[in-house]
Amino acid sequence: MPNLKVGFLPDKGEYPEDQMASLRVFVERHVSELEVTSVADAELVFAHHLQADSVDKLKIVVERADSSTVIHARRFLKDRNVLGLFKHTLLPYELQNLPFCHRRYHITVLDDVYGLEHPREPLEPISEEEFSRIKCRGPIFMRYHRKKVPELNRFLTPLNCKRTKDIICKGSLQDNLPHVGKHRGTVIGKFGGKANRLLGMRRWHELLNKSKVCICPWGYGEMCYRDYEAMLSGCVVVKPNTDFVETWPRIYQAGKTYVTCAVDFSDIHEVCQEILDNYSDYQEMTALNREQLINPDFEQMGREFVHALVDLGVSI
């Protein structure tokens, strides 16, 4: 049986197009059941949600949103040409149809925690059948591994090297979502850190590799590139419990890949002190994180990718 011919839209350019290019490279290298071709010749097209309307073919829409809430692409689930939707991170079904603050579940949580009382609006409802066609198979991890890991490798130090910094945290407070600035600012307030101090990427990665603990607040989404960077660098990641978010591969497993803290960071001193006092107990965690980022099991991920397609009714 000949391989299914698939195309990617857009297929060139930079971010967010680069995410689709990263997904294409992953398929070319690790999914032998598919043959990558042009959109014109493809039997199935993987289309970024901003370009999905431009192609009248059988397609899978890839939503680029950072948040695990389905934000931009709900309407595509009612399109007869759309087999399913791929996302970078995914919120459970029971949380997808709530009234949201800024269209994001985690921002709604922050709104409650900080008592900001911003308005909430429901998004277009998703049925259980429609939700079954949403798969956590977005290309954000592929993009990170393809573009960032080679760049960051030159900064890496041995996991057992002497780390002279106890705790590090980085994030902009000048955010379009006030909840994110409030959330990150809380960390600074807890430690008396310096706000509005620019930190270049080179210096950031040098400091990461000298630090034991990296505090990783939520951002536009629950997952941030900072989480990947900290795990790769060998830091113990501390962040609010994010186990409710599905990722691919699974990077949020409390007590195994990261350490949880309260959403408002009310316990952050105690959590960090426990890690510092028992730092050697976390070496298995840091080793696991670095290994799965540098040497991910792409063979297994290829099988999982195919399984998702089959589950959507693709004949492979």
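User: How many residues does the largest nonpolar core have?

Analyst: This is a predicted model, in which local features need pLDDT of at least 70 and side-chain atom pairs count only at pLDDT 80 or more, while totals for chains, interfaces and linings use all residues. Residues are numbered from 1 along each chain as its sequence is written, and side-chain values use heavy atoms, with hydrogens and water left out. A nonpolar core is a set of buried Ala, Val, Leu, Ile, Met, Phe, Trp, Tyr and Cys residues joined through side-chain atoms within 4.5 Å, where buried means under 20% relative accessible area with a 1.4 Å probe, protein chains only. Leu 23, Phe 26, Phe 46 and Phe 305 have the most contacts inside the largest core, and its residues number 66.

User: Which helix gives the most to this core?

Analyst: Helices are DSSP runs of H or I with at least four residues, strands are E runs with at least two, and both are numbered from the N terminus. The most, six residues, comes from helix 5.

User: Why does helix 8 count as largely enclosed by the rest of the structure?

Analyst: Helix 8 covers residues 225-233. Its buried residues include Tyr 228, Met 231 and Leu 232, and the elements covering them include helix 5, helix 6, helix 7 and helix 10. Helix 8 is largely enclosed because the buried residues number eight of the nine.

User: How are helix 7 and helix 8 oriented to each other?

Analyst: Axes are lines fitted to C-alpha atoms, for helices over the stretch in contact, and angles run from 0 to 180 degrees between N-to-C directions. Angles under 35 degrees count as roughly parallel, over 145 as roughly antiparallel, 65 to 115 as roughly perpendicular and the rest as oblique. The axes of helix 7 and helix 8 cross at roughly 45° and come within 9 Å. The two helices are therefore oblique.

User: Which residues of helix 10 make the contact with helix 5?

Analyst: Helix 5 and helix 10 pack with axes 10 Å apart at about 90°, and are therefore roughly perpendicular. Contact means heavy atoms within 4.5 Å. Phe 141, His 145 and Val 149 of helix 5 meet, in helix 10, Gln 292, Leu 293 and Ile 294.

User: Is Asn 289 buried or exposed?

Analyst: Asn 289 lies in helix 10, residues 283-294. Leaving aside neighbours within four places in sequence, Asn 289 contacts Met 231 and Thr 257. Because its relative accessibility is 0%, Asn 289 counts as buried.

Conventions:
Buried < 20%, exposed > 50% of the residue type's maximum accessible area, 1.4 Å probe, protein only.
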